[in-house]
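Subject: The structure you asked about

Hi,

Have a look first, then read on.

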Amino acid sequence: MQPRDVKTVADAKYIVEERDLQHVKVGAYDMDGVLRGKYMSREKFFSALDGGFGFCDVVLGWDSKDQLYDNVRYTGWHTGYPDAPARIVPESCRDLFYEENGLLFLAEFADKAEPICPRGTLRRVIQRAQDMGFEPFCAFEYEFVVFKETRASVREKNYRNLTPLAPGFFGYSVLRNSVDIEIYHAIMNISKAMDFPLEGLHEETGAGVLEAAICVDHAAAAADKAALFKTFIKVACQRNNLMATFMAKWSPQWPGQGGHIHTSLKNNNGKSAFYDPQGQFGMSETMRHYVGGQLRYLPELLAMVAPTVNSYTRLIPGFWAPTTTTWGVENRTCALRVIPGSEKSQRVEYRVAAADANPYVILAAALASGLQGIAERIEPDAPIQGSAYALQLPPEKRLATNLWDAAQGLKASAMARDWFGDEFVEHFAASREWEEREFRRAITDWELDRYFEII
């Protein structure tokens, strides 16, 4: 049996026995989209398949540096950090590329932890889309920076004066992807072997920047593929004595890293809900309302879309990232880029997305806002012609410029509470407030340079 043929608990047990594995790797994604997991013995894994297992709920109560939130209700010192119920997702089974015959399974949090589980939240949005008569399809594309560094050297250098894989600007370079063929092949090989295959991989403009487009799939599978891509591309790079970062922006001298999402909907008959050959730009009424909803609710959901302090350093004019709630046809200066095509290819690109977002959380936001637009029949304004950066737009069309303000917008959003639930909104917004408070404790190089001697 092949890993991607596994669909049931019985299948999962069969493949483990067929390979005579004594241990299986199991992991779940936390609030920041970091894969947290462990090896389980065969006996423990089989027991977990049948009845679930306990996973310390601290992984839902700490940040990306394992620092404990002090402002959430679900878990904390006040609860004693008990185990949270979790379940294994059999159909997530994959080969572990660097571990001979090894297998990886993803898990979801259950019971009282389920309302705040990122993967579970997306699953509920998808179910609601299906209840509305739609099947969402998605594809993620990521920009990331590769450095000639190791996990030891970046710390020795205090993350300064790092050496990118390649120097300068040279987008779509055949020279570069031929010279650095080893890491390109490593990325393509692991992506194919672990079933997040790439439609394209190329040199992006900027020192050491690569861009990968993951093949389209059903929304849940697409999010799994995006999350696994981010995790295992880092693995591939580090095993080749390189480092990859998906930070929204690692240096003020270079453009930021996007994590754009292409979405479309199909009707129950399998036909595109977005394509109408008689509509302007090939857009159906459903697609117009979907775009209208994404624009209307983007400011309220921005904390889910731009979830780190660093996210907001990317959202500035002139650096290939949007700063306002605008849309255009094949216009990369807008938050949403409508891509006209055919029954097969008509879609909208969610360009406001950065590479640092949790794939499950940001896809839930992108889909839910579009679907709410369909429910409300929200008509978008006219598409932007030319540069959206040059427009003088009213405050309600501008995006928050920091994580704290974005978190307040999320907490106040009735739409977010309706689609994601009060528990998720409160927990995720609190985690973003924590992140911003942690940043305010820091003394930056900029402050030292500006104030140390002179003030």
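Predicted model: local features only at pLDDT ≥ 70, side-chain atom pairs only at ≥ 80, totals over all residues.

Residues are numbered from 1 along each chain as its sequence is written, and side-chain values use heavy atoms, with hydrogens and water left out.

Let's start with the helices. Helices (H or I, at least four residues) and strands (E, at least two) are DSSP runs, numbered from the N terminus. Helix α1 (residues 9-18) packs against helix α2 (residues 42-51) at an angle of about 170 degrees, and their axes are 10 Å apart. Axes here are lines fitted to C-alpha atoms, for helices over the stretch in contact, and angles run from 0 to 180 degrees between N-to-C directions. That makes the pair roughly antiparallel (the word covers angles over 145 degrees). On the α1 side, V9, A12, K13, V16 and E17 make the contact (heavy atoms within 4.5 Å), and on the α2 side R42, F45, F46, L49 and D50 do.

Which residues of α2 are buried? They are R42, F45, F46, A48 and L49, where buried means under 20% relative accessible area, exposed over 50%, and partly exposed in between (1.4 Å probe, protein chains only). Seen down the axis of α2, these buried residues fall within an arc of 160 degrees, so they line one face of the helix; the arc is that of the directions from the helix axis to the C-beta atoms. On the other side of α2, E43, D50 and G51 are exposed. The cover over the buried residues includes α1 and the strands β1 (23-29) and β2 (35-41).

F45 turns up again in the largest nonpolar core, which has 131 residues. Such a core is a set of buried Ala, Val, Leu, Ile, Met, Phe, Trp, Tyr and Cys residues joined through side-chain atoms within 4.5 Å. F45 is one of the residues that touch the most other members. Not counting residues up to four places away in sequence, F45 touches A12, V16, V24, V26, M40, I88 and F105.

Finally, two residues to look up. L175, in helix α5 (residues 174-179), is exposed, with a relative accessible area of 54%. E436, in helix α13 (residues 422-440), is buried at 12%.

Cheers

Key
Parallel < 35°, antiparallel > 145°, perpendicular 65-115°, else oblique.
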